[in-house]
Amino acid sequence: MSDLSKLPASSPLDLHHFKPSDVPSLVDEYVWSCLQEDRNFGEIIHGKGKGTLRDLVHTSLSKNSSVLSFTLGGSGNLENWGKTTFRLK
């Protein structure tokens with residue numbers, strides 16, 4: 001997970017190459033990184049597949065007290081159900 005700390009929060013978190021068991025900690029680390037950079041939002045790419053990663057991302061975001069809200073897609077393309085955009089408190 002040390003590679004994730006090198007990823008600026010201004011970049012989306014792409015989960016395509018991670019195991020589902022890694023998702024909760026990766027999401028928490030990414031949210032933390034966004035907070036450290038004084039960002040009020042972030043994007044997580046989970047893909048469109050069967051929805052396993054999407055469900056894990058949404059569960060992790062809903063449990064994180066720093067997350068105000070999240071939505072499938074993004075501000076520019078709400079039909080992009082391969083990513084989730086979130087807002088921070």
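On helix H2 of this predicted model, the face turned away from the buried side carries Ser-62 and Lys-63, both exposed. The buried residues of the helix are Leu-53, Val-57, His-58, Ser-60 and Leu-61. Viewed down the axis of H2, these buried residues fall within an arc of 165°, so they line one face of the helix. The pattern has a simple helical background: with 3.6 residues a turn in an α-helix, residues three or four places apart point the same way. As for what lies over the buried residues of H2, the cover includes H1, E2, E3 and E4. The helix itself lies across E2, E3 and E4, and runs at about 160° to E3. Its length is in order too: the 12 residues of H2 should span 16 Å at 1.5 Å a residue, and the end C-alpha atoms are 17 Å apart, which agrees.

Spanning residues 23-36, H1 has 14 residues and reaches 20 Å from its first C-alpha to its last, close to the 20 Å expected at 1.5 Å a residue. Seen down the axis of H1, its buried residues fall within an arc of 160°, so they line one face of the helix. Those buried residues are Val-23, Leu-26, Val-27, Tyr-30, Val-31, Ser-33 and Cys-34. Their cover includes helix H2 (52-63) together with strands E1 (13-14), E2 (41-45), E3 (67-72) and E4 (83-88). Just after H1, the backbone at Asp-38 takes a positive phi of about 55°.

Turning to the strands, 4 of them form an open sheet in the order E1-E2-E4-E3, with mixed pairing. E1 and E3 stand at the edges with a single partner strand each, so one side of each is left without a neighbour in the sheet. In general, the strands of a sheet pair through backbone hydrogen bonds, in either a parallel or an antiparallel sense. Here the parallel sense is found between E1 and E2, which pair over 2 bridges; in E2, Ile-45 is the bridge partner of Asp-14. E2 and E4 run antiparallel and are joined by 5 bridges, with Thr-85 of E4 as the bridge partner of Glu-43. E3 and E4 likewise run antiparallel, joined by 5 bridges, and in E4 the bridge partner of Phe-70 is Phe-86. Of the 6 residues of E4, 5 are buried, so this strand is largely enclosed by the rest of the structure.

In soluble globular proteins, nonpolar side chains tend to be buried together. The largest nonpolar core of the model has 15 residues, and those with the most contacts inside it are Leu-15, Val-27, Val-31, Ile-44, Val-57, Leu-61 and Phe-86. H1, H2 and E4 are the elements that give two or more residues to this core, and the largest share, 6 residues, comes from H1. Leaving aside neighbours within four places in sequence, Val-57 is in contact with Leu-15, Val-23, Val-27, Ile-44, His-46 and Thr-84.

How values were computed
Residues numbered from 1 in each chain as written. Predicted model: local features only at pLDDT ≥ 70, side-chain atom pairs only at ≥ 80, totals over all residues. Heavy atoms only, no water. Expected span 1.5 Å × (residues − 1). Buried < 20%, exposed > 50% of the residue type's maximum accessible area, 1.4 Å probe, protein only. Arc of directions from axis to C-beta. Contact = heavy atoms within 4.5 Å. Pairing = 2+ DSSP bridges. Axes fitted to C-alpha atoms, helices over the stretch in contact; angles between N-to-C directions. Core = buried A, V, L, I, M, F, W, Y, C linked by side-chain atoms within 4.5 Å.
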